[in-house]
Amino acid sequence: MLAYTPFLEPMSLDDFWLILLLPLVIGIAVVHKTIKMDDLTHVTRQSLLLAMQIMGFMILSAVALWVVNEVI
Amino acid sequence: MLAWLVPGLGHWLVGEYRRALILGTCIGCIWLAGLLIGGLSVIDRQQHPAWFVAQVFTAPSVVVQYCTKWIQNREAHRPSFGRMREHGILYTALAGLLNLLAMIDLVYYRPPLEGTDAVEDRV
């Protein structure tokens, strides 16, 4: 990690690549809610709620695909 | 056009300051994260033209593309491959598509009616 040069070489996160999906989901949720909501007072709560919904659906889809893969 | 150059700038110019800050920060961070994860080589028109179409919706991606040759000649440059490259491409492409969403929002922007309290979105 100490030898890492930002932007010129990739990060060494191959073993933790799944965790990288989390900030992406949160970013998408925040941008979507920011654009959609007229009043931005509750944008944090709504964004987190949407991010959790997206993650939950992704986990469910992964489980369903795993079951299909094991059974069929 | 300005929203393409700097994410969130279009919203800032129409008076939606808080929205502009959130959009600019989020889209900028996603784009930067993509470059940090996969390196500057994730923006490459020759290798993956389809993803480049999405990446180009943030103007800095075009700058990175034109700097590709200079970047590849640097000794410290190590091209990415595998999952890190995929994630870098995904992050930068999604940043472009989210910026496109913000630009479309500006196209249909309607200023608040006079007499209504429109200060809640202003910094």
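These legends go with close-up views of a predicted model.

**View 1. Where chain A meets chain B.**
Here we look at the contact between the two chains: 26 residues of chain A touch 33 residues of chain B. Together the chains bury about 2,800 Å², and carbon and sulfur atoms give 71% of that area.

**View 2. What the chain A side is made of.**
Start with helix α1 of chain A, residues 21–36. This helix brings 9 residues to the side that touches chain B, the largest share. Sorted by class, the chain A side has 19 nonpolar residues, 3 polar ones and 4 charged ones.

**View 3. Polar contacts and salt bridges across the interface.**
How many residue pairs are in polar contact across the interface of chain A and chain B? The rule finds 6, with both residues of each pair at pLDDT 80 or more. Salt bridges between chain A and chain B are another story: the count is 0.

**View 4. A salt bridge inside chain B.**
Over all chains, the structure holds 1 salt bridge. Its partners are E16(B) and R19(B), whose side chains meet at 3.2 Å, N to O. Are these two residues buried or exposed? E16(B) is buried because its relative accessible area, 10%, falls under the 20% cut-off. R19(B) has a relative accessibility of 6%, so this residue counts as buried too.

Conventions:
Residues are numbered from 1 along each chain as its sequence is written. Chains are lettered from A and ligands numbered from 1 in the order in which they are written. This is a predicted model: local features need pLDDT of at least 70, side-chain atom pairs count only at pLDDT 80 or more; totals for chains, interfaces and linings use all residues. Side-chain values use heavy atoms; hydrogens and water are left out. Contact means heavy atoms within 4.5 Å. Buried area is the accessible area (1.4 Å probe) that two parts lose on being put together, summed over both. A salt bridge is a side-chain nitrogen of Lys or Arg within 4 Å of a carboxyl oxygen of Asp or Glu. A polar contact is a pair of N or O atoms within 3.5 Å; within protein, one must be able to donate a hydrogen and the other to accept it, and residues adjacent in sequence count only if both atoms are side-chain atoms. Helices (H or I, at least four residues) and strands (E, at least two) are DSSP runs, numbered from the N terminus. Ala, Val, Leu, Ile, Met, Phe, Trp, Tyr, Cys and Pro count as nonpolar, Asp, Glu, Lys and Arg as charged, and the others, Gly among them, as polar. Buried means under 20% relative accessible area, exposed over 50%, partly exposed in between (1.4 Å probe, protein chains only).
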